[in-house]
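The entries follow in the order in which I looked things up.

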Amino acid sequence: MKRLVVVESPTKAKTIRNYLPRGEYQIEASMGHVRDLPSSAAEIPTQYRKEGWAKLGVKVDNGFDPLYVIPSKKKQVVRELKDALKGADELYIATDEDREGESIGWHLIEVLNPKIPVKRMVFHEITREAILEALDHTRQIDMHLVEAQETRRILDRLVGYTLSPLLWKKIAPKLSAGRVQSVAVRLLVLREKERIAFVPASYWDLKAFLAKDGSPFEAVMTHLSGIRLATGRDFDDETGRLKEGLKAGKDVLLLGEAQAKALAKTLPDAWWRVSSVEEKRVTRSPAPPFITSTLQQEASRKLGLSARQAMSVAQALYENGHITYMRTDSTNLSKEAIEASRNVVEQRYGRDYLSPKPRRYSGKVRNAQEAHEAIRPAGKAMKTAAELNLSGRERQLYDLIWKRTVATQMADARLLLTTVRLDAGEGDETATFRASGRTIEFPGFFRAYVEGSDDPEAALEDRDQPLPNLKEGDEPECRDVEAVGHETKAPARFTEATLVKTLEKEGIGRPSTYASIIDTIVHRGYVRREKRQLVPTFTAFATNNLLEAQFEQLVDVGFTADMEQVLDDIAGGEREATPYLRSFFQGKEGIEKRVEEALDKIDAREVSTLSFPKWGEYVIRVGKFGPYVEGQIGDERMTASVPEELVPDEVTAASLEALLKAGNAEDRVLGIHPEQEQPILLRKGPYGPYVQLGDDEQQGKPKRVSIPKGVDAGGVNLAYALELLSLPRTVGEHPETKQPILANFGKYGPYVQQGRTFASLTAGDDVFSVKLDRALELLAQKEQKNQPLRTLGQHPETDEPVTVWAGRYGPYVKHQRTNASLPKDRAPEAITMDEALALLAARKAKGKSKGRGGRKKKTTAKKG
């Protein structure tokens, strides 16, 4: 009996092939979904193109039945799967066990229309034991899961395809709205508004440098004459003043700079004594094993990976059989995983570091969807990254997962927290200070894993901050007192890690969607990544204005979380999808009606206009070609483009005035070229400012050079203009080729060039002064990337070289225009000419077969 097993990816297929008999099982990949809603008008079947619902791809007047089509790029995959099915006696659907995987499996059955038995096999790790177990315990497709995923897809289509055209008309073209992405954008915009409204407050305190028996320690001042010193939490973010209800001098003391410095001079000579010592023993327990969101957060904090990068690496680890399924919101660990982790703890750290009894985690995030295990190393061996020969990001992420899993079965850390209060001075001028100490009495799980730290041992040293042995009545030595000024900080912007944490906490989206949410809002121009922060653009503000004005419920955090609960109810068979879709789209407050109202009701200029008190009389509007500032300069109303990199909370009235003046300045004559004896002009163009040699009336086209990105046009002078006009600059002559090496600015920044080889300059290089040796170094590095790893010899038929190269997707052999990947078990340095010729011949033959025409398949649609 021959069995066809279908999975999503080639990597997953390859791993599973290692565990099943080749003659009995054929494992193929569907390359993800084989059907979807039409992505363009060209994909809509001819018979449906005149239907009113065709662009949506959803029959909104006929039970919200979706129209599914096979994308052109998937037709070859479908043909190959149907061919494979012809020789099979059983079909096994082995897609991922979440809703997405269930949906992919259902679509495969619908498209392949098998006449043989179909079995659904599920597993959360790709190991021999798990695969064999899944084969022995198959089930049918869970249609509740399929319907939940289908409902999610329809909801996303209804929101995106209905609201996006409204944004195009009212704000700017090419914008998009999304059921979840719009809520994420709103969170970012609201935080940026808090930062814009923020008014910093200044306050002072003192730090004392003390010693007991020669052992130094520090203490901070907390009270003066029994009144608590004001700290950052006592100030209102929007006024910079003490919060309402706090009376200065009575409830809190607002210490000024002069008073703080005066105290810093007198207190070193005061009488210092310990007034109280408090000790408290506490324990710290290890964090639960990773779920999708916490893995993304830690990968961001520790490894600097974006959510997308973290999931991509995790996907590779899963498909190669190294970790369990990476899209999960369950913290559960199997009995086998707990036993394996406890064995590792005892072997590596000793029995003392083992928790008294196995730890079991069952808590789930809000609206938890899946019933998988947590993310952990696959199998029972708990192999380390080194034992698996992992490298690069895969090694780093696997090591993170391994340590977090092992730590769950380790003993609690035990800490001694000490708080010492000290008085300095006497009578009404007594100053009270506090010193805090922390001693790790037993590190427990800290030995293996500390959240937010790459090095557990270093983290232990940082956490262990003991105080000298102090007792009430002791009189420590005061070595110095320092006045310290503070300024309150605006609320921190979201990072990818903190946004994921917030989305998870509020029940918005699902683990598998967080990475795509962030990627989408960045790609659509709503957000910029800047030093790991997510900075909303002015376009995001305008879009949020419109959505809040007309679709407040749709961007409400609670409403979006409730939608997730509806999808969960559908997945559990507790709710029907069609009534909910009808209410959402066509109901009294449905988005169809709200969009129709918005076309007449929404004032495009109003929602696209942004203003804040700190901007004065100036406003920023978002228009067809991007944001621009508008305001009065003298007697004239002016506008000027706003640079993309301008950060909303850093905008001031002065900066907007400067933009207006610079953007409306007349063409300036910077001076006369000393050799050409022609004027050099600073001009404005549709693509930004530029310098020009000569005027427009001279014969021939005048030389023009754009002002490089990041250079303020207002600061350009004659000297800098002459340097720009001198480009491209000849750096020198290549010692071997004798060709000139040039330096210039290009579309992507400054570079050096020799012939057809271009090498970008780095941040430390200057296009006007880069030397020949540095240019040669950069060009050599670029050339090295363009050289083969090996030359095997001449091809017997063409006498052309056969070479081995390092490629983006792995090493390959090359002859003329034919490339063939090396097998995973063959190293580039070991491949022979005979092997290379065979690989190239096979690749060439495959290319020819792909070029042959085949019978055209009809686009299918789900029956209504």
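**Entry: Val-122**

I started with Val-122, which is partly exposed with a relative accessible area of 24%. For this I took buried as under 20% relative accessible area, exposed as over 50% and partly exposed as in between, with a 1.4 Å probe and protein chains only. I found Val-122 in the loop between strand S6 (118-120) and helix H4 (128-136). Helices (H or I, at least four residues) and strands (E, at least two) are DSSP runs, numbered from the N terminus. Leaving out residues up to four places away in sequence, Val-122 touches Glu-97, Ala-134 and Arg-139. Contact means heavy atoms within 4.5 Å. I also looked up Val-122 against Glu-576, 454 residues apart along the chain, and their C-alpha atoms are separated by 25 Å.

**Entry: ground rules**

I noted that this is a predicted model, in which local features need pLDDT of at least 70, side-chain atom pairs count only at pLDDT 80 or more, and totals for chains, interfaces and linings use all residues. Residues are numbered from 1 along each chain as its sequence is written, and side-chain values use heavy atoms, with hydrogens and water left out.

**Entry: the chain as a whole**

I counted 23 helices and 32 strands in the chain. Its C-alpha atoms fill a box of roughly 95 × 90 × 70 Å, taken along the principal axes. Of the 864 residues, 48% count as buried. Among contacts with a separation of 6 or more, 67% come from residues 24 or more positions apart.

**Entry: salt bridges**

I used the rule that a salt bridge is a side-chain nitrogen of Lys or Arg within 4 Å of a carboxyl oxygen of Asp or Glu. The count by this rule is 44 salt bridges.

I looked at Arg-179 and Glu-564, which form a salt bridge with their closest N and O atoms 3.4 Å apart. What does this pair tie together? Arg-179 is in the loop between helix H5 (143-170) and helix H6 (181-197) while Glu-564 is in helix H16 (residues 557-571), so the pair ties together parts that are 385 residues apart in sequence. Arg-179 is buried at a relative accessible area of 2%, and Glu-564 is buried at 0%.

Next I took Lys-302 and Glu-298, a salt bridge with the closest N and O atoms 3.7 Å apart. Both residues lie in helix H8 (residues 292-303), 4 residues apart, which puts about one helical turn between them. Lys-302 counts as buried at 9% relative accessibility, and Glu-298 is buried at 0%.

Glu-373 and Arg-376 also meet in a salt bridge, at 2.7 Å from N to O. Both of these residues are buried. I noted as well that Arg-3, Glu-24, Glu-90 and Lys-119 are joined into one network by salt bridges that share partners.

**Entry: a sheet of 4 strands**

I followed an open sheet of 4 strands in the order S21-S22-S23-S24, with antiparallel pairing. Strand S21 (668-672) and strand S24 (703-706) each have a single partner strand, so one side of each is left without a neighbour in the sheet. Neighbouring strands here are turned by 25° against each other on average, direction ignored. Axes are lines fitted to C-alpha atoms, for helices over the stretch in contact, and angles run from 0 to 180 degrees between N-to-C directions.

Two strands pair if DSSP finds at least two bridges between them. S21 and strand S22 (residues 679-685) are joined by 4 bridges and run antiparallel. In this pair I found Arg-668 opposite Leu-682 in S22.

**Entry: nonpolar cores**

A nonpolar core is a set of buried Ala, Val, Leu, Ile, Met, Phe, Trp, Tyr and Cys residues joined through side-chain atoms within 4.5 Å. The largest one has 149 residues, and those touching the most other members include Phe-123, Leu-158 and Ile-323. H5 gives the most to this core, with 10 residues. I checked Ile-323 beyond four places in sequence, and its contacts include Glu-125, Tyr-318, Arg-376 and Ile-401. A second, separate core of 27 residues includes Trp-272 and Val-481.

**Entry: confidence**

pLDDT is the predictor's confidence in each residue, from 0 to 100. The chain mean is 89, and 94% of its residues reach 70 or more. Over residues 366-371 pLDDT stays under 50, and the model has 28 contacts for them beyond four places in sequence. Residues 851-864 also stay under 50, with 25 such contacts. Where pLDDT is low, the predicted coordinates should not be read in detail.
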